[in-house]
Amino acid sequence: MDERRDRMPPEEGEKTARIRVYPDPVLIRKAMPVRNIDGKTKAVVDRMSELMYANKGIGLAAPQVGISSRILIVDVGQGLRAFINPEILEAEGEVVLEEGCLSLPGIEVPVKRKQKVLVRGRDMDGKEVNEEVFDFQARVYQHEIDHLNGTLIVHYLSSLKRGLLIKKMRKELERSP
Ligand code: ZN
């Protein structure tokens, strides 16, 4: 997910190019669970965090860097957190807010999310982590877990609205060098 309150045009260059953009098929595929948390997982997380920070993101899911594995990272100002095989155990309340996504440059969509979620996953050492998160942080987790299930923010729109937005996004992408 991107930080819409601090939106900046994506910088040109190799780093930006490596974030997968809709309709890349890896984005709409259900990602596979990670069986072994090892050096390879760490390498994926390193690559993801590099790209997330380079693009001023606050969250990123592995499919966005072309890897169909259930790995997400977030940094909403409290440092980098990586979650392997995350799942939402409990959820409460509902809030609608506009969201952006690094894989859908220039698009913002109102998305209804749970206000509070309990997320369970594993950290980089393979240890089980349970985290209760609220509001904006809860939204970021839900957005990234959606990515692991092949769901993007445009999937919350009617197909008509989605089509129009995607068309607009493609036009803008073509215009930028
Ligand atoms: Zn996203």
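## Asn85 and strand 3

Asn85 lies in strand 3, where strands are DSSP runs of E of at least two residues and helices are runs of H or I of at least four, both numbered from the N terminus. This is a predicted model, in which local features need pLDDT of at least 70 and side-chain atom pairs count only at pLDDT 80 or more, while totals for chains, interfaces and linings use all residues. Residues are numbered from 1 along each chain as its sequence is written.

The phi of Asn85 is positive, about 50°, although Asn85 is not a glycine. Most residues other than glycine have a negative phi, and most peptide bonds are trans. Asn85 counts as partly exposed because it has 19 C-beta neighbours inside 10 Å; a residue is called buried if 20 or more other C-beta atoms lie within 10 Å of its own, exposed if 12 or fewer, and partly exposed in between, with C-beta atoms placed from the backbone.

The 5 strands form an open sheet in the order 1-2-3-4-5, with antiparallel pairing, where two strands are taken to pair if DSSP finds at least two bridges between them. Strand 1 and strand 5 stand at the edges with a single partner strand each, so one side of each has no neighbour in the sheet. Direction ignored, neighbouring strands of this sheet are turned by 30° against each other on average.

Strand 1 and strand 2 are paired over 3 bridges in the antiparallel sense, and Ala61 stands opposite Leu72 in strand 2. Strand 2 is in turn joined to strand 3 by 4 bridges, again running antiparallel, with Ala82 in strand 3 as the bridge partner of Ile73. The hairpin of strand 2 and strand 3 has 6 residues between the strands, and in this hairpin Gly77 takes a positive phi near 105°. Between strand 3 and strand 4, which also run antiparallel, there are 12 bridges, and Glu92 stands opposite Lys116 in strand 4.

## Helices across the sheet

Helix 2 (residues 39-54) lies across strand 1, strand 2 and strand 3, running at about 40° to strand 2, whereas helix 3 lies across strand 1, strand 2, strand 3, strand 4 and strand 5, at about 85° to strand 4. For these angles, axes are lines fitted to C-alpha atoms, for helices over the stretch in contact, and the values run from 0 to 180 degrees between N-to-C directions. Helix 3 (residues 135-148) has 14 residues and reaches 20 Å from its first C-alpha to its last, close to the 20 Å expected at 1.5 Å a residue, the expected span being 1.5 Å times one less than the number of residues.

Because 12 of the 14 residues of helix 3 are buried, this helix is largely enclosed by the rest of the structure. The buried residues include Val140, Tyr141, His143 and Ile145, and what covers the buried residues of helix 3 includes strand 1, strand 2, strand 3, strand 4 (109-122) and strand 5 (128-134). Asp135, which lies in helix 3, has a positive phi near 50° although it is a residue other than glycine, and Asp135 counts as partly exposed because it has 14 C-beta neighbours inside 10 Å. Helix 3 is followed by Gly150, whose phi is also positive, near 80°.

## Loops

Ser69 lies in the loop between strand 1 (59-61) and strand 2 (71-74), and Ser69 counts as buried because it has 20 C-beta neighbours inside 10 Å. Not counting residues up to four places away in sequence, Ser69 touches Ala31, Met32, Val34, Val44 and Ala62, a contact requiring C-beta atoms, placed from the backbone, that lie within 7 Å. The C-alpha atoms of Ser69 and Thr41, which are 28 residues apart along the chain, are separated by 9.3 Å.

Pro23 is found in the loop between helix 1 (14-17) and helix 2, and the peptide bond from Tyr22 to Pro23 is cis, with omega near 10°.

## Confidence

The mean pLDDT of the protein chain is 90, and 91% of its residues reach 70 or more, pLDDT being the predictor's confidence in each residue, from 0 to 100. Confidence is lowest in helix 1, at a mean of 42, and highest in strand 1, at 98. Over residues 5-17 the pLDDT is below 50, and beyond near neighbours in sequence this stretch has 11 contacts in the model. Where pLDDT is low, the predicted coordinates should not be read in detail.

Notes:
Contact = placed C-beta atoms within 7 Å.
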